[in-house]
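Thanks for coming, everyone. I'll keep this short. Please have the model open as we go.

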Amino acid sequence: MSGLRNILNLTMLFTGILFQTACPGDNDDPDLSYFYPPLKEHPLCRHELTVVGQDGHAVKARGFTGSVPANAHIKLQVHTKEVQTIATKNGRFELTLPVTQAELKSIQTANLIVAAEKKILETKYRIRRIDDSLRQIPQKNPLNTGSVPNDLVIAYQQERPFAIIPASLAGELHVFPLDKEPKNGLLLETKTLHFFPDETNAPANPFSVALDHAGKRVAVSLHGQHQIALVDIFKQKILSVTKAENAKHPQGLAFFGSNLLVAFTNLIESGTRHKPAQFGPGLLARFVQVGDRLQWMETLQLPCQNPTHVLTDDQGQAWVSCAGVFSFLDIEKISLTHPAAFLKIHVPEIYGIGKLKVEHMIDLGIQFSPGSAAFVQDTIVAGNSIGPGILLISPQAKNIHEGRILLVDSEKKYPSFPYAMPGFGNLVFITDFQNDRLLVLDMETQILNPWPFKQGVPLTKTAHLNIFKGPIALAQRKGRPGIDFQAPEMFALFNLSAELIPLSFLKVMGP
Amino acid sequence: MSAWPTMKMVFILSLFFAFAAQGKKSVPDENPFLTRVKRVRVKKEEPPLSIAQHIDILQQLPGITLNQQGGPLTPVDVKIRGLSGARLSVDLEGINLVDPINGLIDINDLPFFVSHNMQLASGPGDGGLSGKLSLQFPSLKKSFAISRIGFGSLKTGRAELIAGDRFDKNYDFLFATQGTTTAGNFLFSPTSIVADTDSSLLIERINNDQNRWVGLLKISERLGNLKGSTFLFAKMHEGGIAGMAMSPLYYLRGSHKYVTGIQKAAYTTDNLKIEMQWQARLDARETWQKNMPFTRSEAAFASTQVALSVSGLYAKNLSNSFTLSASGEFTRLLDSLTQRKGAGLQLKVQNQIPFPFPLTMEFAAGFRIINDAGIMPNGLVHFHLKPCPAWMFGLRLAEGTRAPTFSELYAPSGLVLGNPDLKPESSYETEIYGQWDQHTLLLLKLSAFYGFLSGGIFYFNRSAFEIFPINTKGVHRAGLETQIAVYPQKWLALEGNLQLNATQLISTQKPLPNVPGFSSTLTFRLGETEKICVWLKANYRSSTANNFFGTLTTPAYLLLDAFFKIPLRTNASLHFSVSNIFNNLDARDSNQFPLPGRTFFALLELTS
């Protein structure tokens, strides 16, 4: 019996290989292509924020915040049926038109009519098969990044977008152009900068990057060597390397004007199965960018341990998120032995004058370890790295009990949500590390995964097989997709599989 | 780097040697680090001599991929046809050398320096899922002693002594010990560009020192039809864990010590043999950070195995035989209550039919029962046809099942966890092969295989912070292996192998990591083996995937080595080797572990 199975398997294997060779991939369907036709721009409708698709036995149309003018009249026509509504003052709308099963099968398009300011726009929309369309968002050709990529920012050179990615284990900094389709994980224009082990053989482990305000240089935290490098990304040159006195293991960092703030986790000893990791007090160091170098100014001791990210809120203020100290002693769960916190930091504005200080602290306790947070509409949105929750909390809150936690359905036992990013239509996108998907939070309604993103956005096909690739960071390209460029607009960085997957939301949104 | 240059080189040289060989007779090659054909013993009259590293011997076998952790004497993992880890069975004169906790074997532990015969059976059916490697000691006809001492680059040193004697006609003993050491520091290039342009950017590999010792003692006794033996084997290894090329570890060290012993008793009549054996083993393993004594991680465990086998000839005139074996095993972690018990039964039958062509048929079936893994069946059907003395054809179908190892099931909290929900994995393999053996002149063997590993156990992330093993949907494996050996003159020989390997992990649709799609070893000898001679060896490995997602790769490499033998007197010889002649500084083995550049090694051998 096993022999027969072998033969069948053999046949399948070679058939698969031949099929792959003979049929390399895409057909003429624009939804399957990397580049797509431009959208027609019109003041009455931002098509990239609008979707029409099936929802059970109905056709639904939804415009996210800003999709149409305030109070515009919206009508959805499907065959002979129609339904209409008035948009909100934020330019949102939702229409549902019940249809029969037979109509759903036969009808491919719907008309969406927008009337406002004495103008009318009628657009023919495809009725999306939502599940299929969502699966087409992640593009088939990812970029290979090098081992253990940790962070992602997008820089621009003459309007061309480039991804900057530090690969920690590989000791590399990659610069990928994002306006070309990768082939076999590669792009010829990719540039790689190497960070070598130092004279004591300590590895560099480049961890996080921050783009300066000129947009041509990045500061890179070298976690293993306790240093910060300033790199000219387009000349591929390390301009200078600096360290802060008595501060070890830098992680997150961000520029505020000419100030660079760097969070030092101050790791003393790695954890073992017998005891948790030992950290000193968290430190925040301030550097000033002076030409081609960074000058260390001061170091602030923080009232929390293991600061991991330096964040900027929507007012341009500095925040630090402390992840707390992880314990792996319990095989069934990961917990914290020291509490996590958000800290608002006062940053001196003028060179050399004033001191860093903690202005406000939100105590997050030992059940919630925040990843990289997003600041939207006077709300902090952060995923839990050690549990199934998304936290929404006011920046003025004092502790986690004043916030609201949205529980997330997860098939997996040990969920982690390490990154939250504000996106189009007043949506926040949050990476679900263990399920290889994006969660979508509508900040207008505070509903997690609103239609058409009912189960979030699936990013890979392997998550359901207990093998996940671990999306850890997101970045969005400047400009309007379909209008300013015809290529993927969002990019998800995968920590475990070491790849950058372009995401094209126009596979589900738009006409 | 393309595989084509090596393939073409092998092909052209093969043609050249085949042409040169026409009409000439020679003796079989005595190259000590070559084996002529898989599944056929490496025949040597003297204990073999590996020149620089033990792994030189294994590299000659097709289907084998060796992954070393950088530098001499570092732990070496062996893959057979793409399958690694706990899937290989290793047997040293009946003693099982596989770690009973994690199922692994460090190839640098094996006493190649004293073994007489080496046999590799690929595929399931003979014990392991990927194959079985068997080593045997020389039979003692008279007393002998061999000592070797060697020194080389990277402050590498090696000393060994092998002695055997027969007390009287009933008792004999074999004793062997070997100590090896290396400072292990070497320079390597962080990228291929730096190696050619700026030597000041070379990186020194540190925390790579290794110290090893193995010792063994075997005492055999014969009393009429009764034979008995006691065999003790001990190993100690302590060394740095140097980490990956660009993320080196300068502080982490590890040690592994074990002692194991086996007692065997066999009663033999004209057509029946009853054998009983008992093995016990004690292990201690530690990892710690340099200068930080309180960060030690320790584990100790004991295991024992008992086996009873009955074998005999059931139709003597046709050389038909059978072997029936029963076995029991018990393993326990000494610092916890975790333990494992198991038992097994195995029947093997061999039939030979002399007409019209000599056809050998081999059938085997059996099972193992383990208290925490259930029943694990295995089976083998093997047909072997020899239509004429030079030609041989075979078909082999085999199936085996492996229980998850102790670590895979029970590893406690930490970065690497066990998974108590793991199920056994099964491997099916079909192989066809053909061989043309002109005995003393030319040997050509071609084999093709297809295998499927069902429920294959591999490590993936359990959470963002931990990894654990899971049963995947399976792995397709297919390959083509070629072995060629040409002996046109007594002073000239060429041996080589080429292997093509295609693997696919179904869950990710990507190849298995660290399994090269193409690899080849080619060895060329000039000079008679009894006189001054030189061997040149080329070892090529194509680019390999580095992770399960196919996004990281290790580049291809080609390394060239040379070995010289200079007999000094009848009982003394000098050996000299140069590894990586062209000082390739950016060759990487698995997981980006850098390999050393050019190294030298000299060894003096004295025999009684």
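**Chain overview, cores and a hairpin**

Chain B exposes about 24700 Å², and carbon and sulfur atoms supply 63% of it. Those areas come from the Shrake-Rupley method with a 1.4 Å probe; for residues, only the protein chains shown count as cover.

Some ground rules. This is a predicted model: local features need pLDDT of at least 70, side-chain atom pairs count only at pLDDT 80 or more, and totals for chains, interfaces and linings use all residues. Residues are numbered from 1 along each chain as its sequence is written, chains are lettered from A and ligands numbered from 1 in the order in which they are written, and side-chain values use heavy atoms, with hydrogens and water left out.

Stay with chain B. It has four helices and 34 strands. These are DSSP runs, numbered from the N terminus: helices are H or I with at least four residues, strands are E with at least two. Of its 608 residues, 56% count as buried. Buried means under 20% relative accessible area, exposed over 50%, partly exposed in between, with a 1.4 Å probe and protein chains only.

Now zoom in on N208(B). Where is it found? In the loop between β11 (203–205) and β12 (210–223) of chain B. N208(B) counts as buried because its relative accessibility is 1%. A polar atom of its side chain lies 3.0 Å from the backbone oxygen of G184(B). Leaving aside neighbours within four places in sequence, N208(B) has contacts (heavy atoms within 4.5 Å) that include Q69(B), T74(B), F186(B) and A242(B).

Next, the cores. A nonpolar core is a set of buried Ala, Val, Leu, Ile, Met, Phe, Trp, Tyr and Cys residues joined through side-chain atoms within 4.5 Å. The largest one has 46 residues, and F453(A) and F505(A) have the most contacts inside it. β39(A) gives the most to this core: five residues. Leaving aside neighbours within four places, F453(A) touches residues including F64(A), L134(A), F505(A) and M509(A). Apart from that core lies another, of 36 residues, among them L61(B) and F112(B).

Last, a hairpin in chain A. Strand β17 (residues 250–256) is mostly covered, with seven of its seven residues buried. Five bridges join β17(A) to β18 (residues 259–264), and the two run antiparallel. Strands pair if DSSP finds at least two bridges between them. L253(A) has V262(A) as its bridge partner in β18(A). Two residues sit between the strands, and G257(A) in the turn has a positive phi of about 65 degrees.

Definitions and conventions
A polar contact is a pair of N or O atoms within 3.5 Å; within protein, one must be able to donate a hydrogen and the other to accept it, and residues adjacent in sequence count only if both atoms are side-chain atoms.
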